[in-house]
Amino acid sequence: MTVIAPRLTLERKLLAEYDLIISLDEVGRGALAGPVAVGAAVMDAAGARRRVPEGLRDSKLVTEKRRPDVAARAAAWVQASAVGWATAAEIDEVGIMRALGLAASRAIDAVVAQGALLDGALVILDGNHDYVSRVHPAPLQVRSVIKGDRDCASVSAASVIAKVARDGHMGDLHSDHPPYQWDRNKGYASPEHRAAIREAGLSPFHRSSWAIADAPTLF
């Protein structure tokens, strides 16, 4: 399989029109347990002239062993980065799409707290649906980019940063809930995870509003 290396072609083009790009990507949308996370990576014109870190890819294309190193280099490469979260309880309360918006809004707030300015900024959102504009309290300029995590290096950076953060969080939760094997499945619907749910029931970190017992295996 040919792996496409992300580039800065789109970012460089857009930075001729905007002062700043805030790239977003989500992790954990389809999990049965744990939060959803949205990574944010900030890119300016000077940063877009720097070489893309070696090995940077969409997080799904980077091996688990290599991800922490790639994420660290990605965070050092961009001008600012953060991860926003929405809990399983929030997903149950407001639904997954609004929860994604909450997580994305919190990620944006976090990079703004690091000095990113929304005036003159464009938000690049991986996918085909803008789930953040209706949630964020300040007006945003948003552009959805299909396969952005594969093709746009700044979105790839957001992707791997979020993935490493969420995987680490699920590993921490595993310590108190070992039957579900979250250190291995990260909250997704592995056969072992579903078997543990049938035996032990749901934990406080499961998305209880979902039809978990009949969920398809994602591994």
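**The sheet and its surroundings**

A: Strand 2 (residues 36-43) and strand 3 run antiparallel and are joined by seven bridges. This is a predicted model: local features need pLDDT of at least 70, side-chain atom pairs count only at pLDDT 80 or more, and totals for chains, interfaces and linings use all residues. Residues are numbered from 1 along each chain as its sequence is written, and side-chain values use heavy atoms, leaving out hydrogens and water.

Strands here are DSSP runs of E with at least two residues; helices are runs of H or I with at least four; both are numbered from the N terminus. Two strands pair if DSSP finds at least two bridges between them. In general, such pairing goes through backbone hydrogen bonds. Within the pair, Gly-39 faces Val-83 of strand 3.

Next, look at strand 1 (residues 20-27), which holds Asp-25. Glu-26 lies in strand 1 too. An unreviewed UniProt entry lists Asp-25, Glu-26 and Asp-126 under "binding site". They are spread over 102 residues of sequence, yet they cluster in space, with a largest C-alpha distance of 7.9 Å. UniProt positions follow the numbering used here, feature names are shortened, and annotations may be inferred rather than shown by experiment.

Asp-25 counts as buried because its relative accessible area is 3%. Buried means under 20%, exposed over 50%, and partly exposed in between (1.4 Å probe, protein chains only). Contact means heavy atoms within 4.5 Å. Leaving out residues up to four places away in sequence, Asp-25 touches several residues, including Gly-39, Asp-126 and Asp-149. With its neighbours within four places set aside, Glu-26 contacts Val-36, Ala-37, Val-38, Leu-100 and Tyr-131. The side chains of Glu-26 and Arg-29 also make a polar contact of 3.3 Å. Such a contact is a pair of N or O atoms within 3.5 Å; within protein, one must be able to donate a hydrogen and the other to accept it, and residues adjacent in sequence count only if both atoms are side-chain atoms.

A nonpolar core is a set of buried Ala, Val, Leu, Ile, Met, Phe, Trp, Tyr and Cys residues joined through side-chain atoms within 4.5 Å. The largest has 28 residues; among those touching the most other members are Met-43, Trp-77 and Ile-124. Strand 2 and strand 4 each supply at least two residues, as do helix 1 (9-14), helix 2 (67-77) and helix 6 (153-174). Helix 6 gives the most, with six. Apart from this core lies another, of 25 residues, among them Val-36, Ala-99, Leu-125 and Tyr-131.

Lys-147 is in the loop between strand 5 and helix 5 (148-151). Lys-147 has a positive phi of about 60 degrees, though it is not a glycine. Most residues other than glycine have a negative phi. Lys-147 is partly exposed, with a relative accessible area of 46%.
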